[in-house]
Structures are given as structure tokens and as C-alpha cells.
Amino acid sequence: MPSWANGSGRLPEPEFIFLPLGGLRPMSQNGKTPLLQAENISLSFGGLNALIGISFEIHSGEILAIIGPNGAGKSSMLNVINGFYHPQVGTITYKGVTRHRMRPHEAAAKGIARTFQNIALFKGMSTLDNIMTGRNLKMRVNFLLQALHWGPARKEEIEHRKFVEGIIDFLEIQAIRGVPVGRLPYGLQKRVELGRALASEPDLLLLDEPMAGMNNEEKEDMCRFILDVNDEFGTTIALIEHDMGVVMDISHRVIVLDYGRKIAEGTPAEVRANQVVIDAYLGVSHD
Amino acid sequence: MDLLYKIFINPFVEMIDGPIFFAEVIISGVLVGAMYSMVALGFVLIFKASGVFNFAQGALVLFAALTLVGLLELGFNLWVALVFTMGVMVLLAFLVERFMLRPLVNQEPIILFMATIGLNFALEGAGQIAWGSDVKKLDVGIPNQTFEIGGILLNSFDLWAAASGAILVVVLALFFHKTFIGRALRAVADDHQAAQSVGIPLKTIWVIVWSVAGLVALVAGIMWGSKSGVQFSLSLIALKALPVLILGGFTSVPGAIVGGLIIGVGEKVAEIYWGPLVGGAIENWFAYILALAFLLFRPQGLFGEVIIERV
Amino acid sequence: MSEGSPNGVHDTFPARFVENVKRLGKEKIFMREKKFGIWQSYSWHDANIRISDFALGLAALGFKRGDRLGIVGDNRPELYFGMLAAQMLGGVPVPLYQDSKEQEMEYIVEHAETRFALVEDQEQVDKMLGIKGKCPKLDTVIFKDARGLRNYPEAFLKSIASVEELGRAFGKDHPGYLEAEMEKVQPEDTAVICYTSGTTGSPKGVVLTHGQLIFSARKIIDLEHMPPDTSTMAYLPMAWIGDFYYSFVTSIVGGFTVNCPESADTVLQDLREIGPNVFFGPPRIWENILTSVMIRMQDAGWSKRKLFQYFTGLATRIQKKRNQGKKPSMGEWIMSQLGHLLVFGPLLDNLGLSRVKSAYTGGDIIGPEVFDFFRSLGINLKQFYASTEAAILISMPESHDIRGDTNGPTVPWMDVKFSKDGEILIKGPTVFREYLKNPDATKEAFEDGYFKTGDAGIIDQDGHIRIFDRAKDVSHLQDGTMFAPKMIENKLKFSQYIKEAVAVGQEKPYVSVMINIDPLSVGNWSEHRNMAYSSYTDLSQKPEVLTLIEKEIRRVNESLAGEEQLKGTQIRKFLILHKELDPDDEEITRTRKVRRGFVSEKYKDLISAFYTDADHVNTEAKVTFADGRTTTIRADLKIIEVPIIG
Amino acid sequence: MIYRETGQFKSSYVSDQAIFPLSQDRWMVFSVMGVAFFVVPFVASEYWLQAVLIPFLVFSMATIGLNLLTGYAGQVSLGTGAFMAVGAYITYKITTNIPDIPILVVFLLAGLVAAGVGIIFGLPSLRIKGFYLAVATLAAQFFITWLFNKVGWFYNNNPSGTIIAPPRTMFGIMITGPEATAETRYLVGLAFVTFFALLAKNLVRGRIGRAWMAIRDMDIAAELMGIRPLQTKLLAFAISSFYCGLAGAMMVFLWLGSGETETFALDVSFQVLFMVIIGGLGSILGSFLGAAFITILPILLTNAPPMVGIVMPIALSKHLEEIIFGCLIIYFLVVEPNGLARLWQIAKEKLRRWPFPY
């Protein structure tokens, strides 16, 4: 976060510590090195082909948009990337390791976080606890110490609380810290979900329609947060979005899917000008 | 070595040595299984249509049987008593819908489950207050004679029971597939909202389903009651039906039938050939362990649908 | 001016601060801020480290004696620290409204020749970048929150941390530099330049000295017996003298603790957590609290509502008795104690005001009904008369003699007299020296060495100052009746349904008012009646709403009829404006005072329609959105006539 | 109304995350604990201790255990009775074979064994969910009670087949056995329950509790966030069974004095589940409220008619009790499906907002 704060160690107040977010990752190779390569991915359910021979790369530090009409296989693609679906054919190379399949929690452990199309928050918990859950991966203290709430357990809990407070501050949701998420309006729930994903300090953040169902103001806020996340923490982001305006504004590159196939790839401007895309997608379903 | 021999060799040797006895064991298992199936059927009906795990199904069986016996004891004609009991079961369905399901609509499944446990208590108490808690003999005139076919001993009563179970299944199948209400029920089972949009009031559906489940309970009650007397333990056969459900799947009518048969046979065979090894009385849990072992390979049960999870 | 300085300490903020650091050190808290979910504290000692580093950093960047440091942002400790840092170097903080638009900022930055700016975040940095080209003197912009600024290439953008870093290095190279600079600061030096929001024309920079502010604050702390463990809530805009005085001046003079809320959305919650024991808010704030209380009680269950109505009724009756100098009866006393136990105590606790020993309002005239309401709840609310140019107090009521319609007797150090038009003139040691770079205005503001406050008022038989209105706004109806629009407007604004009101009638046969309904309160009211509405404009012209407001106006007329001086100015006609008065449209100031001249010009078609037989009027008005876009709304406004009493 | 909380601000995370952040709550809990420890033993009669308070403590422990599993981790279990039986029988086995181990340590050891058994029967939770799992836990119920019934080793082959609490002392005080006073047994039970309730609270407000609730609320999202479903669920089963095991040991050794497999029949499982639901899923406080409600209700139902002079045949009153109990359960679920804890929460919220509605 405010990087200047890290240097000012002169304050003796033990509680007054700014969060460690913003341990910035190198950005120099922005858009050059592939963080993730998908090769020839095919996925089908029963007889239905969700994805057919898709290959693409996600580059370190970029914001990549995946667009396409409904049922084009966008969500399936994200589900394959973080191990929720296992493709029948094809491999995924992430951080240089090639794999065919892995469990979702392994993907999470390796730095892939995501949000969901239909918000998947933990309804019975507060905003704070939801985001704290995103830190679970980083917590180590065993359950005996936790039960006693003693020494290391307490220290760990507080350390992560501080981190999470940084995220709450970043997303400007201080006022709803203690509110059970079920009571929040839709736009704020989306924001909390983003917070939960950020809490795991992901290298790759997958956003499934982060702006669906939002009004213009909320969309603007969300765009700002996505850009800031990318900018401040160097987090690589792959997102699915329907609002073409948003896609064109914030993404570095765009991939277009249609009926499970990749039909185009390029900068927003290139994609916008692509006739195949216009025929398949823009001309049909958008304005 | 000796133990291994006893477990893995001896029982099979016994089976082959006494084929007739083995056949009798199998058949008695099948017949018991048919009874399990009938109770399980009540569960499936309700679960399918309303998503309620009806723990009170056993109590329904007891309640139906007690009512019938009570009416018979009062001197009613069998048919009058039967019709009257059916009426009571339908009335009960109305009450359940009005005072339990309707106020609890949209609650978590576990809450509804708990409510049926409450219902279970209330029904057990009510049935026994109304009709007393002594063991009662129920005789609806099903012949109970033992005879022999090909050296295998059979009981006509058991055959009757199996037959009525089969008839019940056929009737239900027809009901589900051929009648409007049946189709409506299936629609509800698939999708509550879609069903409502077709114009079927959910409340009506629930009353019908619970009535049908009550009638199935009545049949089961008659069968079990005629065989071993009407008493409190009838309520406990619900516990027997539960492993049947896991095995067959909560939503599958054929699953309930096949599951019941598997459990019935498995239980009998295990009790007779392996039971003595561990001191007997393994019927109580064997069905559960069997179902559990099975589940590890097929979590959705025998006939349940494979669930594709989406996010 | 340095008379009575304890321990020979100069009457300058740096000197007083350093003295506090020595005296209170690590034991006592200077600033507290809710940040990252908990209240983070700066003891005086901690604050001193940051302030000194920052001051030295400023020095390293070339900040010199007399330089000005623009300050823009929400109430944050770092920004208050910046003020002190600037003062330590003999510089002058110039706080600006954080919601000002670029042009407004440009004017002040340019006019005050601000070389340095300390701003909160990206939003303010962007504004500074926008005006940088037009304000060549603006040299360095320092930001508190680095968020979103990583890729800003401008070299003149600095983080607070980097400035502090510079300061530490500079401090090593120049030992004793800061102390020497602080020695040079004199009580006569300028401590702050506050731009008055200016109900007319461009803002004027009021120059106030260390000595004046400290003198005034010390007096008031004595007068009001404020204990050293006083804690306050810094929630008002920093650019307003009221906040500067309440959060900065009194804190440093009295050694108080200042609490900064977490964000604008959480002020109420934070207020409840902290529970300040001294609370100050302009009338607008009290009106808002009143409205929120009323709305929430309206939604309460039947029994709670009845309970509340009964006890507020009782409390108001008792308050009336008290106002007339009578004592409540034994029965009333017992019931009122019960009321405090059952309703008012918990209610104040929910508002975060239950620990308030004394509460203040000033800066504008508060409606007597609003005032009495809070007094009757048991809050020791006092209304004082103040002016930026008087740094700041002119009169303050004494604890045993508090009334809603007067501002108490003149403070002992101030000499008050009246012009022949009834305008209040003051003279005293705390009256400001000049408007910055505006000798004409300065000259115009004084008459025979007395400052013309611009307020019309009287001193009543008990020696209390009573303000009618801005002098230029007090006028006469056609028949010569004195007409003080503010009095009428304040009575109207007591209604929870009325947010803003503009009364007109100068040289006219009767008084008419234009109303802004309170969208929250009226919206809530209409929801209770299942009335659907699409927008403010739509809601405002619903017949039911008009009837609702008419009832409120009849009530006000009754109240006006009860007062000899005002009964001739009852309201004859009203309409509800189709848009809310908005500082972005320049209709009200950022402190939410109506800019009467501007409004009467802008809505002159409506005003003239009042004095015809028309029962409706077509109009259109320009609306500015927060992002600067504008649009025009058209509407057909109904004019309603109200009966006059007596 | 009681909650005057203005000025209670938190300046550290430790105080912000305290179990009772509001001073009023803290005082109330301290006073309740004070009364429970220092007043009740001196004023309560033998009947109250033996018939009401000790069973309440036993069931509180079991309810907390099941609430951890069902209320927090979302795994429905009908095998509580079995895990309690494990606790009781293992305690018996250990203390009769090695009498030198302090009895309270034996309780803990038995709890650990119960935890192990819980893990075994929790294994299916990886593959099956919801009611399938609930039914699967019945396997534990039936198998374990059968096992303890059939295998004489567990009850030292004594002819009656029951386990009897032998006299055991700690620090020279008789804790179990016929000689142990009700006051002692009450205090020991209270100390146990207090301590373990605190531990449970600590668990559920930390990482593990959040992982459980995540699995409960949205298991797919939880897994996609790196929470391992199997480990998390098994831990819930283990800890839950530990508590249930302790409760079972307390039941025989602090309350009844003897036990057999029938003591831990399916009814007990249901009873505890009722306590969880009535008290409130996912609430430690609710566990106590539910245990109190279900413990006291039958006593009231049994004692109320004679008090007003109605004498009924035992069978009739038993069945009436069943009906009333069953209907009350349904009524309660209709009125407040989230339990007494939720009612309390609502009331408290109202008190904090008073006189405002929000």
C-alpha cells in the first residue's frame, strides 16, 4: 500500500503498522513473459463440447479480457485454469510447470485466486471474516494453539487481520466491515469478493464478470479497483466481462471465444476491428 | 489363519453345501427387502417432491397401522376401516402442509428435517394415546401358510407382501407417468419455480405427496403389522429404510426397490453366514456399512443422477 | 498580546505544541485516527517526531518563513501535522475545501501564492496537477496516500514519507535548525489564512495570528472549564475556521485529544465509539441529527413511538418552563428522569453524544426549536456568536443562562456596538488584521476601527446578543414591516421534511418561500404510504407532499404569529423547488449557507410568480453533476397559498 | 437500553477481537460464571444438581461438540450417541486397567480416542454430503453401540454388561463413584465445560472456524480459495467427537454413575441434535441455551401436571409429553429456525439500538 509507510519505522507504537501489501513484484517484463500458457485445451461434458482446442497465454502483469457470447465457454475456461474442471485434452503451464490436472486448492496455493459470476461469498460470515478466509492459506499455527488463542496463534491472527484491514482500506469498505455479507447490496458483495480474492495475494487473479449487474458508478469504482490492483501489486488479471466499454478501457489484450473456440486475440482495438468478432459477437448481442 | 478361513472360505462352503437353505435365505431376504422398499418409497416420494427428508415416515407407518387396528378393534368392517384410515392419512397430510411445511417454506433442509423429527415424536405419542401402546394383532385376512416349491419352503404371507409391494410400485409408476398430477409432481421435483409457472400450486402438490406417502405407509403398516403385530417398534423400521435410501439414491423410485432388495438379501445372508462369527445381531448395522461402502464408489447412490457442479 | 502566557511560553502554536510534548509526552494522546479497523494513536511525543521530520523535510525542499502550505483533504492527523510543521518554519497553512472544484482551488492557490500543497490522495493530486499550469508559484505537491500515484512521473510530487526522509537527513546536516526557526515565530505572525466561503463575490483570505487564536482559545477554555482530558471529534471540513478552531487550536492550547473518523461513511459509528466530551457542530449538523432521529423514530414500533412522543412532549414542556425561568413540578421532574433513563439516555448513547459535557453550535443561526429539542434531551448545547474575522468568538452564553434565540453576552475582551442600520460592529484584540492582498475589502470591512460583522442584531435587556440575519438580508416588506428571512427559514427547517428554505419578500406585499424538501425524510414518509416516485423533482410536486409541506408552513405561521416582531411576516405563498440547492450550482456555499443574491437572481421568474395570481409556474434550471457535467431540468411548479393567522 | 456503549473504542486488535468486546457483556458473563462457581454449589439441592444442572453440563459439552460439526462445519451427524459411548467406555476401560492415571486425564485420553473414531467415520464426508452423510453417520451409531454390546472386553466381561464408575480421587477429593458428592461432580463438570467452551470459541473465531464456515456456506468457493475440504471436515469430525467423547465420559462418571449401550442409543443423538438446532446452529452460546431448554423442558412437562393437581397414568403422561415435545419443536422451528441464540441476538441488537429501530 502506501509504500512510503514501510520506511518510517521510527514510530514506537506497536499497533500502528501499515500493511505489507505492495511488496511489489517486478514489473519490467510486463506483457512479455507468459505466466500461464494453455495449450490445446478441450473440455466436454457428456456430449457437449464446452471448449475445443483452445490455446492462449496470459502474460505477467497484464490485464487480459476473455469475451464472447453466452455459452461461449468463458467460465469453463476459468474453471479449467484453476483446476475446477479437468480438460480431457491439453495442458496448462503455469509458472513454468506443465500439468494436466490439479485440485482447486492446489491452484489456490500456487497463487491463483478468483471471483465468481454468481457471487460465492460465505453468507453466514461478516465482510471481515470473508476476507480473512482469503488469508487461510497463509496461516500456519496449529489448532491446539488456536484453541488456546495463545502466543503465536494470537499473533498470527492479528498479523493477518492487519493485512486484511489494508484490503478493506484499499477497497473503501470500512463502513461494512462487521456486516454479514448476506445483507449487503450486490455491488458491495462483488467488492467484498474481490477483497477475499486479493487477500490470498494472488499472482493470477481470475475475475468472472466482475461488473455484472452494476450501475455505472459501481462499474467505475470496480474498474478503478481492478486497474489499481494491477498497477499497485503487479497482479496479473484475467477477466470475463460483457460490458464492451469496460473491456476496451481496462484490458491490455482481449481473447474472443465463440462456441468453445478461440476466434480472435489481440489488443482491444484490433479485436474491435476484427470482422469475425463483429459477426460472431458484437453485431449480434451488443447494441 | 483360522479366522481368515472362517471369514473367507467357510461361509461360501456352507452356501454351496446347502443350496436349498441358501435359496431360502435369499428368498426371505428378498421378501424382507420388499418391505424395506415400501417404507423407503414413502421417503423417496416426499423427498422428490418437496426436498424434505421425512424422518417421520416410520411414525407414519406406525400411525397408519395403529389407526387401522384401532378401528378394527372398535368393530368396523375392514373396508370401512381402510377407507377411514386413508381419510385420516389425507387429513394428516393437510395438517402437515398447513402447520409445518407452509410456515417453513424456503428454510434450510436441515430445519425441515428437524421438524419431521418433531412430527415423528408427535405422531408416536398421538397414535399410542389414541390406540394404546400394547402389541396388537392385525389380521386383514392375508393367508399365512407355509408350502414348498422345489424343496424350498415358502410362506404365502410373504408372497402376498411381495406381490402387494410390486403392485404398489406399478401403481405408483403409472400414477407418476400417466396422470396429470403425477406429471405435475415430477415437474415439481425437477424445478419448483418451473412447476409453479405451469400453474400448479405448490401447496396442493405437497398435500398430495404427503397423502400418497401416507397411503404407502398404510400398505407398509398393514404388511409389517400383519406379520409381526402392530407395536411401537414399527416406527423403527424407518431406520431400516435409510440405508436403502443411500443405496438407491434419495430421488429414485427404482432405486428404492432395488436398494431394498439388496439390503434385504445382504442383511440376511450376512447374518446367517457371517453373523455367528462376531456374536450375531449384526442386522442393525450391516445395512449401513454396506450402504456406506457402496457410497464411497458411487456417491450419488445407485440410481441418483451425476451432479455436475457449477460455479 | 503575550500577556498571561504560562511558563513564559510564547503564544505561538509551535511553542505551545513543544511545551505540550514536554509536559504530556508519551502519556497523553494528541491525535487518534480510526485506521485499519482500530483507533491508532499518536501521543504528543509520537506526533512531534513526525511533525519535526516533516517540517525539516519542508525546509529541505525550500519552504521558508512566510511561505504558505495549501492543505486539502479529509480530517487526517497527517494534514493537521502538516499545519504545525508549516507553522514551525514560520509558514502559514491555508486549508482548502476538499470538495472544491478545480477553478475554486485555483483561485485560492493563486491568490495565496501557495508554493507547497499537502493533499490527501489521488483525487486531490489530480486537481493540483490540473491547476499547476495556471499557478506558476505552486512548487511542490505532497501527498498522504500513494494509492494510484505510482505511475505519476511528475518530479514535484512527493510522498509524506519521502519528505520526512529528506527531513531526517536535513536534520542531521543542520542540527538545531528547526529550533532556531521556531524561535523566530512570534505571536504576531500569521498562523492561518482561512478563506471565507463568501456569500458574495470571491472568497477572501482572513489573516489570523498565533496570538489572537491562542488568546481566544485560552479564554474560552477557562470560561467553559474544559478539562485537560477533553476529547473531540475532527469531522468538519478542515478549511472551515470552525474545524481549525475546534480540532487544532483548542487542542493545542488545552492539550486535548483529537479523534479523526475512519471515513466519511463511518463518522456516526466512529462518533459513538469515541464518545467525545466536547462536541461542536454548526446548526446544519444539529438539524441533520434531528432529522435522522425523527426518521428513525418514525420507523420504530408503535410503543416506542408513543414513548418517544410522550417524553419529548414532556421534555419540551419542561424546557419551555425553564426558558421562562420556571422550575418543573415534582411530577414532571420524576417523569423526566424516567424519560432520560428509558429514552433519552439510550438515544444519546446511540448518537454518541451521551458523554458530551458541553456541546456548541455557531457559525450560523440555529432554529430555536432545534436548539430546544437538544437541550430538552439533556445535551448542554450552547449557541455562541462567532465570526472568522473575530478569531472567532464574539459572544458566549453562560451555563446558567442559556436560550435558543440568543447567543449570550459578549465575551469580555470584545467591544460591541451597533451601526445605525442595526449592524453589529466589534473591536478587540482578536479581530483580524486584514484580508490577504485585498486592502480595499479590508478597508471596507472596518468603520472607525470597528469591524463590520455584516450581521444585524440587538443586545436585549439581559445583555444577550441576538442575531436576526445577515445585515444585508434584513429588509422590509412593502408596508415597512421588518423582514428577517433567516428567522423564518430556520423555523421552517425545524421540520424534518424541509431541508432548505429561501424566504423572499423585500419590498413586496407579503412573504413567500421556496422550499427544498428533505429527500430522505420525505422519501421515507412516502414509502410508508406506498407512493412511488422516480426522482426528486417528481417527489417534490406530488400533491400529497405539497399538503404535507403546507401543514408545516401553517405550523410556522402559528409560531410567527406568536412573536410580536415577526407576526407581520407570516408566509402567504410557497412552492417546492424542483431541484436541491447545491454548492456545485453556487446556490449555497460549501458550508451550506444560502447565497441569497444568487438565488433570487437565478429564480427570479419563480419569485415574480409569487406576486401574481398564478397558481403554477413553468421553469427550467441548470443542474451540475458531481463530475462537472450539466443538464437542464424543466418543471411545472405549483404555487400554494396558505392562510395567515390573526 | 442496558447497552451504553459510547466511548468503548478499541485501540488494539487484541481488544477488538476479544470474545466479549462490550464491557456490559463481559460483566454479565463474569457474574454468571461467578454465581455458577461460587454460589450454586452452596445453595442448590441434591435434586437440582443431579437432575438438572449436571445433565445440563453433560449435554452442553455434547452440544458444543455437535455444534462445531453441524453448526459450524455444516456436516450433519446422527452419531453423537456413539461418540459419547466411545468416551464413556474408553474411560472405563482405562481407569479400571490403570487406576493410577488421574481420572480427568483419563477423560481427555478417552476424548482423544473418540476423536480418532470420529475421523474414521468422518471419512465418507469427502465423497458424500448432506443427508447422505447424516445417514452414513447412523452407521457409526449402530456399529459402535453394537460393538460395545457384543465385545465383552470393553466392559471387562462383567456379567451385567454395564460399566460402573469406580471411585476415583484427584487432589484427595472423591470425583467419581458413589462416594463423590453432587457438588464435586458439578464443579468438576462446570470447570470442564467452561474450559472447553472457551477453547471451542477460540477455534471458531480463528482460521479453523472460518475454514469450517466456508465449507459450510459454499464448499466449492472454499476449495477454490485453497481450503482443503477433507482435512477441514476431518478436523471438524475429530474435534467434535472429542467433545462428544468427553460428554459421554462425564455422563457416566459425573452424572449417572453407570451406563450401558442403551444409555447412548439413537435417542441421545437426536436429543443432542435438537439442542443444537433449538439453541442455534453455529453458536457456542446457543449450545448452552439449547442444552438448557431441552434438559429442562421434559422436567417441566413431567412436573407441571402434578403441580396443578392432575394425576395421570405414567404411560399417558409419557405419550403426552412426546406430543407436546414434538409440537413444541415444530412450533419453535417455525417461529425461529435459527434458534434461541438468534433470539438473543435480536434482543441484544434491539437493546443496543434502543430506542431506535435501526
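How far apart are the mean positions of the positive and negative charges of chain B? I get 12 Å, with 15 positive charges and 19 negative ones going into it. A reminder to myself: this is a predicted model.

Next I went through the fold of chain B. I find 12 helices and two strands there. Going along the sequence, the order is α-α-α-α-α-β-β-α-α-α-α-α-α-α.

Then I checked the overall dimensions. The C-alpha trace of chain B spans about 65 × 60 × 35 Å along its principal axes.

On to burial and contacts. In chain B, 51% of the 311 residues count as buried. The accessible surface of chain B is about 13,600 Å², and carbon and sulfur atoms make up 69% of that. Taking the contacts in chain B with a separation of 6 or more, I see that 73% link residues 24 or more positions apart.

Last, I picked a residue in chain D. D:Ile330 sits in helix H13, which covers residues 314-335 of chain D. Is D:Ile330 buried or exposed? Its relative accessible area is 11%, so D:Ile330 is buried, the cut-off being under 20%. I looked at what D:Ile330 touches and noted chain B residues, including B:Phe99, B:Met100 and B:Leu119. B:Ala115 and B:Gly118 are also among the residues that D:Ile330 touches. I also checked D:Ile330 against D:Ile94: they are 236 residues apart in sequence, and their C-alpha atoms are 42 Å apart in space.

Note on methods: Residues numbered from 1 in each chain as written. Chains lettered and ligands numbered in written order. Predicted model: local features only at pLDDT ≥ 70, side-chain atom pairs only at ≥ 80, totals over all residues. Heavy atoms only, no water. Helix = DSSP H or I, 4+ residues; strand = E, 2+ residues; numbered from the N terminus. Buried < 20%, exposed > 50% of the residue type's maximum accessible area, 1.4 Å probe, protein only. Contact = heavy atoms within 4.5 Å. Areas by Shrake-Rupley, 256 points an atom, 1.4 Å probe, with all protein chains shown as cover. Lys, Arg positive; Asp, Glu negative; His and termini not counted. Charge placed at Lys NZ, Arg CZ, Asp CG, Glu CD. Lists of a residue's contacts leave out its neighbours within four places in sequence.
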